[in-house]
Amino acid sequence: MSISRNYLILSAKSEEKKKHLLAVQNLSHGSFNNSMWTLLWFFISNSNKGLPPGPKALPLIGNLHSLDPELHTYFASLSKTYGPICRIWLGKKLGIIITSPELAREVLKDKDIIFSNRDVPDAGREFSYGGNSILWTPYGPKWRMLRKVCVRDMLSCSTLDSVYNKAGSPVNVGEQMFLTILNVITSMLWGGTVKGEERAMCSVPNLSDFYPGLAWFDFQGVAKKMKVLVKRFDKIFESIINQRQKLDRNGVGQESKDFLQVLLKLKDEADPNMPLTMIEIKALLMESKIIVIRGVGYKVCSEELLVGQDMILGGTDSTSNTIEFAMAEIMNKPYVLRKLQEELETVVGKDNIVDESHIKKLPYLYAVMKEVLRIHPTSPLLVPRCPSETCTVGGYTVPKGSCIFIDVWAIHRDPSIWENPTEFLPKRFLDNKWDYSGNDFNYFPFGSGRRICAGIAMAEKMVMYSLASLIHSFDWKLPEGETVEVTENFGIVMNKKMPLVAIPTPRLSNPKLYE
Ligand code: HEM
């Protein structure tokens, strides 16, 4: 069949399609033959059929040319034009954006099983030994096994308590040897010269993700950089695992279990039908943000005040970024800071430091944490999901393999749900009306459904404990002439654009408490 390109352009039903074809005609300088035009016509006519509405896309590049790197705000603005479900073409990849609680529920609850896979970015695959970590493993028996290991054995309250109780006090290096070595080494790698850079690679727009056919070329070198980094970590993990196995064989360190020991034991005792491999152990270590000790972003300006504090600064990117946003918001609202200090003085006392027993008795601090997670959810688009089969959402077709962005950031700032949504108002959480267990689709900073965050208990304890200690032990002020801003910088883990720099002054009555 031979169809002339002018006929195709003239017969295009919508203005949108005409423009597409004209654009391609101009680009192609007449080098397209008629059968290519037929194919292109077929592609353009059918590619958006039944899909949610969305901005006009150009052939091949789709909407990449108009993409704003601050994806969470860009997607929120698209929803104002196109509604609570819209589409965007990221090169060849179709993105579906959800910005309403009703549709988030349809995806994360009603059709949870279909949407329980992740869309693994190229860098994520490199960083997780080929997608072997919990975060990226497809939904199925292997993911269930890894998640069980993570939640039951690594992040259970009893394991957490045994590690967590050491926060705030000097760690006994002998007792915590392996975990601590791992902590120190990864802290040096992540927290020093390469701080955040490689992690951010997972959120850098990568051509290979948008054109899977081009992944082999790795044009931006993302996969290559990841491979180098993974190799460095692999060596470290290898030697630590070997040392641990040697000590275990000699019966040393049996009384106190660290995560690595738990994992190695599980490997030895695993069901032969569902083995836990060394690769998976390394992927878990790589992913386990527990092993990463990083500063929370502000700089402590007086050396001696660091004493006793450095252990508080343990945590994950998402946890530490939450703490940094919280400190910035609190410093912007002196009455919030005052209320927190009053609550802490009553519960903890001025001649005492915060310990774990206090954490559950601090309702105002709890409200502050929840409000920070509302206004600055550090995974503003959750971690993108990927449907395992074509289905419908909100009456529109959502094809298998598309990339689903749930814009929880936009829902958390929706004025039809929240009064004064852009204002930091912890009191809105004082009545315990909202919780983040994943059942309320107006407020779900940790996601929902089967793939809900596996580290909620850990994150909660770390954020509460760190904030309580920082606020109770110190007064905070800004360096001369500085102001606090809370601008966000988009990423799979969102951070503060400008680091918060603040000066602490001791406020406890007994200087010995800082020793
Ligand atoms: C304030 C801190 C944190 C926030 C806001 C956060 C948020 C999230 C979100 C939104 C997801 C995706 C959920 C979904 O797709 O529905 C997630 C997944 C995950 N998080 Fe967290 N997280 C935090 C801290 C942590 C910590 C401390 C750990 C572990 C130590 C952790 C481990 C994980 C894991 C393993 C997954 C993947 C779960 C899966 O795919 O099955 N997170 N997190």
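**Close-up views of a predicted model**

**View 1. The crossing of helix 18 and helix 20.** Helix 18 passes helix 20 in a right-handed crossing, a crossing being right-handed if the near helix is turned clockwise from the far one by less than a right angle, and left-handed if anticlockwise. Helices (H or I, at least four residues) and strands (E, at least two) are DSSP runs, numbered from the N terminus. The two helices, helix 18 and helix 20, pack at an angle of about 115°, with their axes 10 Å apart; axes are lines fitted to C-alpha atoms, for helices over the stretch in contact, and angles run from 0 to 180 degrees between N-to-C directions. Leu 365, Tyr 366 and Met 369 of helix 18 meet Val 463, Met 464, Leu 467 and Ala 468 of helix 20, where contact requires C-beta atoms, placed from the backbone, within 7 Å. The residues of this contact divide into 7 nonpolar, no polar and no charged (Ala, Val, Leu, Ile, Met, Phe, Trp, Tyr, Cys and Pro count as nonpolar, Asp, Glu, Lys and Arg as charged, and the others, Gly among them, as polar).

This is a predicted model, in which local features need pLDDT of at least 70 and side-chain atom pairs count only at pLDDT 80 or more, while totals for chains, interfaces and linings use all residues. Residues are numbered from 1 along each chain as its sequence is written.

**View 2. The shell around the ligand.** Of the 27 residues around the ligand, Ser 318, Gly 447, Cys 453, Gly 455 and Ala 459 come nearest, a residue being near if its C-beta atom, placed from the backbone, lies within 6 Å. Helix 7 (141–154), helix 15 and helix 20 (456–473) each supply at least two residues of this shell, which by class has 15 nonpolar, 9 polar and 3 charged residues.

**View 3. Two leucines with positive phi.** Most residues other than glycine have a negative phi. Leu 60, in the loop between helix 3 (34–47) and helix 4 (71–82), has a positive phi of about 65° and is exposed, with 12 other C-beta atoms within 10 Å. Leu 382, in the loop between helix 18 (363–375) and strand 4 (385–386), has a positive phi of about 50°, but Leu 382 is buried, with 28 other C-beta atoms within 10 Å.

How values were computed:
Buried ≥ 20, exposed ≤ 12 C-beta atoms within 10 Å, placed from the backbone. Contact = placed C-beta atoms within 7 Å.
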